[in-house]
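Hello,

Here is the structure I said I would pass on to you. Please have a look at it first, and then read my notes below.

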Protein chains: 2
Amino acid sequence: MVDKKTKVWSGCPVRFGMSQFGDKWSFLILRDLMFKGRKYYYEFMEAGEGISTNVLASRLLDLENNEIISKTRDPLKGSRFIYSLTQKGTELLPMMLAMMDWAEKYDDVTEVPQEFITKLRSEPEKLQQEILENLPS
Amino acid sequence: MVDKKTKVWSGCPVRFGMSQFGDKWSFLILRDLMFKGRKYYYEFMEAGEGISTNVLASRLLDLENNEIISKTRDPLKGSRFIYSLTQKGTELLPMMLAMMDWAEKYDDVTEVPQEFITKLRSEPEKLQQEILENLPS
DNA sequence: AAATTAACTTGCTTTTAACAAGTAAAACTC
DNA sequence: GAGTTTTACTTGTTAAAAGCAAGTTAATTT
């Protein structure tokens, strides 16, 4: 769990965010869902970040319990599940984009394509719309 | 350290963000600096979140090493230090605001004042400017 | 029916966080 | 100016979480 222990964990929006997706792996899973087109367990595993399988399982379950992602059996192949963002999950996109904007500025080896970052800074609404339209629903 | 181990930790902006401030406590410290006017070690300790003193020390040092915050001796009282946001740190404000916007929507016990959230949604630029102007520099 | 794919779970080790106590430097207090 | 207080930590120990390796289960393909 991202945060299981703290007794009263309500009130502050930042605290709420942290309780819902506030760790490294959750952010990386969200990134995979939003920008990388990944949707299967094994794809998250193979993303190359080095997440442990038990931790991945735990994070996916947390995110699902928090209704940020949902899990459905793949109709084309019943041995696997499709993970996808809920509405609540897609609405984290602005936060992720703000973070990427910042990171691109301060990380000199960032791999964000220039056209992406240009669009992010000139027509953020449009970029966001395009990303949303390209998400599997 | 937020992330000390991963060998190659470059390229992706989300990964970069996580390596710089990617844990619960870092976010809460940033919140304190941005919105709560806290600047002393003991203020972070007393913020009521339950951070351990060794973890706080560690996070402050990480954030300082990452040049997101800076630390100076208080000229008025040399036994304490003033922690403040750098330019790099203040530029995380849009991300934090995006997160708060989201949280306010999904956390039904959020404590964000209505006027704050209204302004955030109607004149975000102006709100941001006001917050920046009120930060100690 | 046997082998493979996909998604986990379980058990163990290592790392990190939480908790409690102690130290050190500056600064007030008498 | 000596002793107490304030502030910011550090150190040591325990508890929790992450990382690692191997095993299990259900669906699917061969």
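**Where the two chains meet**

The contact between the chains draws 36 residues from chain B and 36 residues from chain A. Please keep in mind that this is a predicted model. On the side of chain B that touches chain A, helix H1 (13-21), H2 and helix H6 (93-106) of chain B each give two or more residues. H6(B) provides the largest share of that side, with 10 residues. Sorted by class, the side of chain B that touches chain A holds 19 nonpolar, seven polar and 10 charged residues.

H6(B) also packs against helix H6 (residues 93-106) of chain A: the angle is about 175° and the axes are 8 Å apart. Angles over 145 degrees count as roughly antiparallel, and H6(A) and H6(B) are therefore roughly antiparallel to each other. From H6(A), the residues that make this contact are Pro94(A), Met95(A), Ala98(A), Met99(A) and Trp102(A). H6(B) answers with Pro94(B), Met95(B), Ala98(B), Met99(B) and Trp102(B). The class count for the contact of H6(A) with H6(B) is 10 nonpolar, no polar and no charged residues.

**A helix pair inside chain B**

Within chain B, have a look at helix H2 (residues 24-35) and H4(B), whose axes come within 10 Å and cross at roughly 75°. On the H2(B) side you will find Trp25(B), Ser26(B) and Ile29(B), which meet Val55(B), Arg59(B), Leu60(B) and Leu63(B) in H4(B). By class, five nonpolar residues, one polar and one charged make up the contact of H2(B) with H4(B).

The surface near DNA strand C has seven nonpolar, 10 polar and five charged residues.

Now for DNA strand D, which has 22 residues around it, with Gly78(A), Tyr40(B), Tyr41(B), Tyr42(B) and Arg80(B) coming nearest. H4 of chain A gives two or more residues to the surface near DNA strand D, as do helix H3 (41-45) and H4 of chain B. Here H4(A) has the largest share, four residues. In the surface near DNA strand D, seven residues are nonpolar, 10 are polar and five are charged.

**Chain A as a whole**

Chain A has eight helices and two strands, and along the sequence they follow the pattern α-α-α-α-β-β-α-α-α-α. The radius of gyration of chain A is 16 Å, close to the 14 Å that the globule rule gives for 137 residues, so chain A is as compact as a globular protein of that length. Along the principal axes, the C-alpha atoms of chain A fill a box of roughly 45 × 40 × 30 Å. Of its 137 residues, 33% count as buried. Among contacts in chain A between residues at least 6 apart in sequence, 41% join residues at least 24 apart.

Best wishes

Note on methods
Residues numbered from 1 in each chain as written. Chains lettered and ligands numbered in written order. Predicted model: local features only at pLDDT ≥ 70, side-chain atom pairs only at ≥ 80, totals over all residues. Nonpolar A, V, L, I, M, F, W, Y, C, P; charged D, E, K, R; others polar. Axes fitted to C-alpha atoms, helices over the stretch in contact; angles between N-to-C directions. Contact = placed C-beta atoms within 7 Å. Near = placed C-beta within 6 Å. Rg over C-alpha atoms; globule rule 2.2 N^0.38 Å. Buried ≥ 20, exposed ≤ 12 C-beta atoms within 10 Å, placed from the backbone. Parallel < 35°, antiparallel > 145°, perpendicular 65-115°, else oblique.
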